[in-house]
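The entries below follow the order in which I went through them.

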Amino acid sequence: MIFISKKALKTIGLSVLLIYVLLAVSIAPKYAPDAGFLEAVAIFSSSFVWYMSGIVGFIISLIAVKKIGLRNNIGKSILILGLSSICSAVGIIIWDIYIFALGIEIPYPSIADIVWFIQSILLITGTFYLSKLFASRITSKFIITGVILMAIISPILISMVGGLPEIQEANAWSTTFFDLHYTFVDTIVATMVGILLIIGRGKIFSGLAVYIIALSLLTIGDVIFALRTEAETYYVGDISDFILNMSQVLTAVSIYLISKTFIERRSDITNS
């Protein structure tokens, strides 16, 4: 059973392709005026994939929730992850406006970071509800393991991004806040990956596997971005952008696969 018909998927696919072609031809040259046409299209394409992945992930979550409902943990998880997905897309749209419309090379911190702050809370919350699928495996021993994982991962990530930030100016509080926030979130996400692998052992279905990969790429992309920004070697279209882009795409795919799995299971139960 496919909860979104093949005809609907085809229509969505063709619509997205048409929008992309029109925007790539008309906007891409203005999107990166200092680059050649093909380079401008490549930069625009990366952002466009991020935008559409977030939008599509959110739309899929709304369709899925109508069939699954919100009275169960999986329904709550899918909706919250969908909201996280659209927040990620909104954040990158704002980020691109700063870069390409306002000419700010690295807009950090900015309004985009406020949106991503909300997105990270939604991501962690959605993953928490998803982990409740394995509630019977969550014991005191498991909680201790999670604490140990965070204790191990935290110093590693902090050292990788150059240590904890220091407040040097009164107006640097926002930078310090987001530096701490991203490091803390990366620690939590990396820990959640380990937790899902531990409690899901033997029961990791395709959607969950894709989601675990998406979370892993999110952490890796964030760390690389932090390292390259610190070294002043980051540029638009950087490898960190590609990795974070793939994380966004795989998150949308995982929302679809997880939804499909549980809608099929519900259908099987109803028809039995």
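Predicted model: local features only at pLDDT ≥ 70, side-chain atom pairs only at ≥ 80, totals over all residues.

**Entry 1. Terms and overall content**

I then looked at the chain as a whole. The protein chain has nine helices and zero strands. Read along the sequence, I get the pattern α-α-α-α-α-α-α-α-α. Of the 272 residues in the protein chain, 44% are buried.

**Entry 2. Salt bridges**

How many salt bridges does the count come to? I find two salt bridges.

I took the pair R228 and D238 to begin with. Their side chains meet in a salt bridge, at 2.5 Å from N to O. R228 lies in helix α8 (residues 206-230), while D238 is in the loop between α8 and α9 (239-271), so the pair ties together parts that are 10 residues apart in sequence. D238 has a relative accessible area of 0%, so D238 goes down as buried.

I went on to K260 and E264. The closest N and O atoms of this salt bridge are 2.8 Å apart. Both K260 and E264 lie in helix α9, four residues apart, which I note as about one turn of the helix. Are these residues buried or partly exposed? K260 is at 23% relative accessibility and therefore counts as partly exposed. E264 is at 22% and also counts as partly exposed.

As background, I noted that side chains of opposite charge can pair when their charged atoms come close.

**Entry 3. Helix α5 and its partners**

I followed helix α5 (residues 111-131) against other helices, and began with helix α4 (residues 73-101). The axes of α4 and α5 come within 8 Å and cross at roughly 160°. Because of that angle, α4 is roughly antiparallel to α5. I recorded the crossing of α4 past α5 as left-handed.

α5 and α7 pack at an angle of about 20°, and their axes are 11 Å apart. That makes α5 roughly parallel to α7. I recorded a left-handed crossing for α5 past α7.

I then turned to α8. The axes of α5 and α8 come within 13 Å and cross at roughly 150°. The angle makes α5 roughly antiparallel to α8. For α5 past α8 I wrote down a left-handed crossing.

I looked at the peptide bonds here. Which residues does the cis peptide bond join? I find Y108 and P109, with omega at about -10°. For context, I noted that most peptide bonds are trans. Y108 is found in the loop between α4 and α5, and the place of P109 is in that loop as well.

Y108 has a relative accessible area of 26%, so I list Y108 as partly exposed. I then took a C-alpha distance from Y108 to F178: the two atoms are separated by 9.0 Å, with the residues 70 apart along the chain.

**Entry 4. A nonpolar patch**

I searched the surface for nonpolar patches. L14, L17, V21 and V25 make one of about 370 Å². V25 is in helix α1 (residues 6-26).

**Entry 5. L244**

I finished with a residue in helix α9, namely L244. L244 has a relative accessible area of 12%, which means that L244 is buried. Along the chain, L244 and L217 are 27 residues apart, and their C-alpha atoms are separated by 6.5 Å.

Methods: Residues numbered from 1 in each chain as written. Heavy atoms only, no water. Patch = residues over 30% accessible without salt bridge, like charges linked within 9 Å, V, L, I, M, F, W, Y side chains within 5 Å. Areas by Shrake-Rupley, 256 points an atom, 1.4 Å probe, with all protein chains shown as cover. Salt bridge = Lys/Arg side-chain N within 4 Å of Asp/Glu carboxyl O. Helix = DSSP H or I, 4+ residues; strand = E, 2+ residues; numbered from the N terminus. Axes fitted to C-alpha atoms, helices over the stretch in contact; angles between N-to-C directions. Parallel < 35°, antiparallel > 145°, perpendicular 65-115°, else oblique. Left-handed = near helix turned anticlockwise from the far one by under 90°. Buried < 20%, exposed > 50% of the residue type's maximum accessible area, 1.4 Å probe, protein only.
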